[in-house]
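Hello,

Here is the structure I promised to pass on to you. Have a look at it first, and then read on for what turned up in it.

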Amino acid sequence: MQFIDLKTPYAALKPQIDAAIQRVLDHGQYILGPEVAELEAALAQRAGVPHCITVASGTEALLIALMALGIGPGDEVITTPFSFAATAEVVVLAGATPVFVDVEPDTGLIDVAQVEAAVTPRTRAIMPVSLYGQVADMDALQAVADRHGLAVVEDAAQSFGARYRGRPSTGLSTFGATSFFPSKPLGCYGDGGALFTADAALAQAAREIRVHGQSARYHHTRVGVGGRMDTLQCAIVLAKLARFDWERERRAERAARYDALLAGSAARPMAVRGGRDSAWAQYTVRVADRPAVQAALQAEGIPTAVHYPRALHQQPAYERFAPARGCPVAERLAGEVLCLPFSADLTETDQDRVAAALRALPGA
């Protein structure tokens with residue numbers, strides 16, 4: 001059994017993907033070729049915003065967003081400690097300070113009720129993470145941001161395709177940033193990412209930053225990075241869009257089926273709030289004795305993963321930013337969460353095997 005099936009989607013789209021790659025090889029514009037602008041237009045339409053800027057990775061998308069906003073030394077960015085390291089990493093790389101706010105116990109999303117108390121005169125932005133594919137309470141976060149004149153940057157690395165009150169993830173805030181890492185809901189075959197915004201000036205800044213701050217060749221108007229997404233990767237994502245809506249629906253169906261199969265077991269699925277859906281980047285449960293559960297599943301040939309085993313403020317690189325009282329909910333979740341085999345092409349037979357193994361555990 002595979003944890004994530006990346007081979008079946010390629011097999012389903014092999015003629016289209018191979019043809020897309022061949023077109024790039026034929027025209028030879030490997031950097032900022034025509035597929036880049038074509039993909040940006042298609043993604044912007046899906047996000048419901050006028051501007052999409054493809055970049056080298058989801059991490060680069062977050063960093064470029066902070067740079068475009070002018071965030072740097074002396075500034076603070078409020079964010080969650082229950083995420084991949086890139087969320088805090090980019091804040092530190094920009095020269096700013098990450099301010100960690102605890103998360104909700106049933107979703108793992110940033111606890112909006114605690115955000116406003118973390119705002120100081122140095123706060124410049126709020127960076128919520130759309131965890132496991134579900135968007136945080138963006139309207140409530142935006143209300144806090146509006147009261148204090150802050151930007152909101154959605155770390156939507158896991159949530160492209162999700163919706164919040166009928167509106168698409170990545171199109172909900174000052175900047176939305178997503179990733180096309182191969183295992184994401186919409187993935188390429190290497191690294192890639194994108195930024196989304198309705199602000200033309202911020203979009204222009206981001207476009208310049210991704211090419212070393214150039215507004216024209218060898219005319220550097222700002223400090224930038226080498227942050228372009230390769231034409232080949234853009235071509236692959238373009239081809240994969242043909243199957244994306246089906247995959248999104250299938251992921252939701254498989255998640256609902258897991259919910260039903262695991263009812264009454266020792267595995268407690270993470271909650272999805274009303275008025276939202278999820279892109280289902282992962283299917284995650286909470287368990288009381290994770291090492292024992294993982295060992296039992298491994299003995300049955302069932303792979304698992306942990307996203308994430310340690311809260312960011314407990315990581316050696318970021319512990320100096322730990323809140324005085326810690327983030328007890330994030331710390332507890334880090335010891336409980338377990339991601340099960342999941343993808344749009346997960347078979348019902350494999351799902352049944354996973355559920356049977358979990359229901360057979362003591363305490364189920």
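A residue is called buried under 20% relative accessible area, exposed over 50%, and partly exposed in between, using a 1.4 Å probe and protein chains only. By that rule Thr170 is buried, with a relative accessible area of 0%. Thr170 also has a positive phi of about 85 degrees without being a glycine.

Before the rest, a word on the source. This is a predicted model, in which local features need pLDDT of at least 70 and side-chain atom pairs count only at pLDDT 80 or more, while totals for chains, interfaces and linings use all residues. Residues are numbered from 1 along each chain as its sequence is written, and side-chain values use heavy atoms, with hydrogens and water left out.

Helices (H or I, at least four residues) and strands (E, at least two) are DSSP runs, numbered from the N terminus. Thr170 sits in the loop between strand 7 (167-168) and strand 8 (175-179). Trp280, in the loop between strand 12 and strand 13, has a positive phi of about 55 degrees and is not a glycine either. Most residues other than glycine have a negative phi, and most peptide bonds are trans. A cis peptide bond joins His307 and Tyr308, with omega about 25 degrees.

Now to the interior. A nonpolar core is a set of buried Ala, Val, Leu, Ile, Met, Phe, Trp, Tyr and Cys residues joined through side-chain atoms within 4.5 Å. The largest one has 65 residues, and Phe82, Tyr283, Leu340 and Leu358 touch the most other members. Another core, of 29 residues, lies apart from it and includes Leu63 and Met127.

Arg290 is in helix 8 (residues 290-299). What is the nearest side chain of opposite charge to Arg290? That is Glu336, 8.1 Å away, and the buried Arg290 has no salt bridge (a side-chain nitrogen of Lys or Arg within 4 Å of a carboxyl oxygen of Asp or Glu; Lys and Arg count as positive and Asp and Glu as negative, with His and the chain ends not counted). A polar atom of the Arg290 side chain does lie 2.8 Å from the backbone oxygen of Val337.

Best wishes

Notes:
Polar contact = N/O pair within 3.5 Å; in protein donor to acceptor, adjacent residues only side chain to side chain.
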